[in-house]
Amino acid sequence: MDIRSIGVVGAGQMGNGIAHVMAVAGYEVKLNDIDGEALERAMTLIAKNLDRQVSREKITAEARDAALARITTTQDMAEIGPCDLVIEAATEQEAIKHKIFESLAPHLGPDTILTSNTSSISITRLASRTDRPERFLGFHFMNPVPVMSLVELIRGIATDQPTYEACLGVVEKLGKTAASAEDFPAFIVNRILVPMINEAVYTLYEGVGNVRSIDRAMKLGANHPMGPLELADFIGLDTCLAIMNVLHDGLADTKYRPCPLLTKYVEAGWLGRKTKRGFYDYR
Ligand code: CAA
């Protein structure tokens, strides 16, 4: 399978990063969102992040201009369907993801590979609702996408080998490294990382430490680049809670119980950096 064009559905935090790295690697990218303003914001951010790479001499100014020229934005699913590979990178809600694949269905090319950047939802279940479960894969990037070198590739029960290999080829062309994961709740990275974050929220909830001391402890005591609460704000507290719920429901083990304080912050709309308030105040 020769992959040349990539459709990205969802222009948020992950979607714009995925469009960015795909365009730098030479793919023609169509970036889709139902919200026109989200598309404008995404293009502004991609340009800013590309500029940052130029100033750090990671890419040349010519490569930046060529990458920007390879990205087109669209609110129309009909333009996304014919791409060789589609990456769904919408919000972490299963019903929304099913709806996106349903609205893509009439426009899909016969060989289009469908993938989801879901951070925790069953690939087998998402694939089963499409007409091509054998050409469906989990394609999970880490945030910030231009910086993080890992992509988790998750096979659903029906995913075929050519689909896996085609996606592995894309990961290699991006200059990133793949980790293959089986389709169980939250896969590898989030199965380990998000319960650690949830435990940090419990540590705060129980008064063991305050926000800064918890983060300082893990940065200086475990050499993590960000403290767990800072990282939660960075990922989005709604995403962290959604992942804990997938683990709790899917593995039926109380050790995955979301911390009530995490739930409370999400109910308050304090979702971290994206709403300018989470464990830290960004206003
Ligand atoms: N686009 C392009 N480049 C970027 C960037 C972006 N969005 N964000 C940062 N960078 C670059 C910077 O330009 C800089 O480049 P150089 O090394 O060439 O100087 C480099 O990344 C480091 O950035 P900064 O100097 O600004 O800041 P930093 O040293 O504090 O690092 C960080 C920032 C890379 C985000 C670092 O704090 C880090 O690695 N944090 C942990 C991130 C992490 O754990 N991500 C995984 C989250 S889990 C996930 O994503 C899975 C999920 O499903 C929830």
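The shell around the ligand comprises eleven nonpolar, six polar and three charged residues, where Ala, Val, Leu, Ile, Met, Phe, Trp, Tyr, Cys and Pro count as nonpolar, Asp, Glu, Lys and Arg as charged, and the others, Gly among them, as polar. The structure is a predicted model, in which local features need pLDDT of at least 70, side-chain atom pairs count only at pLDDT 80 or more, and totals for chains, interfaces and linings use all residues. Residues are numbered from 1 along each chain as its sequence is written.

**Ligand surroundings**

- The ligand is surrounded by 20 residues, the closest being Asn-49, Ser-119, Asn-143, Pro-144 and Pro-146; a residue is near a molecule if its C-beta atom, placed from the backbone, lies within 6 Å of it.
- At least two residues of this shell come from each of helix H2 (36–55), helix H8 (189–205) and helix H10 (228–235); helices (H or I, at least four residues) and strands (E, at least two) are DSSP runs, numbered from the N terminus.
- Because domain 1 (5–181) and domain 2 (191–275) both give residues to the shell, the ligand lies between them.

**Domains and annotation**

- Domain 1 (5–181) and domain 2 (191–275) are those of the domain assignment of the protein, with bounds that come from an automatic or database domain assignment.
- The centres of the two domains, taken over C-alpha atoms, are separated by 26 Å.
- Six residues from domain 1 and seven residues from domain 2 make up the contact, for which C-beta atoms, placed from the backbone, must lie within 7 Å.
- On the side of domain 1 that touches domain 2 there are one nonpolar, four polar and one charged residues.
- An unreviewed UniProt entry annotates residues 187–282 as "domain: 3-hydroxyacyl-CoA dehydrogenase C-terminal"; UniProt positions are given in the numbering used here, feature names are shortened, and annotations may be inferred rather than shown by experiment.
- Residues 187–282 are 62% helix and 0% strand, with the end C-alpha atoms 31 Å apart.

**Sheet**

- An open sheet of mixed pairing is formed by eight strands in the order E3-E2-E1-E4-E5-E6-E7-E8; two strands pair if DSSP finds at least two bridges between them.
- Strand E3 (71–74) and strand E8 (177–181) are at the edges with a single partner strand each, so one side of each has no neighbour in the sheet.
- Strand E5 (residues 113–116) and strand E6 (residues 136–141) run parallel and are joined by three bridges.
- Leu-114 has Phe-136 as its bridge partner in E6.

Terms used: Contact = placed C-beta atoms within 7 Å.
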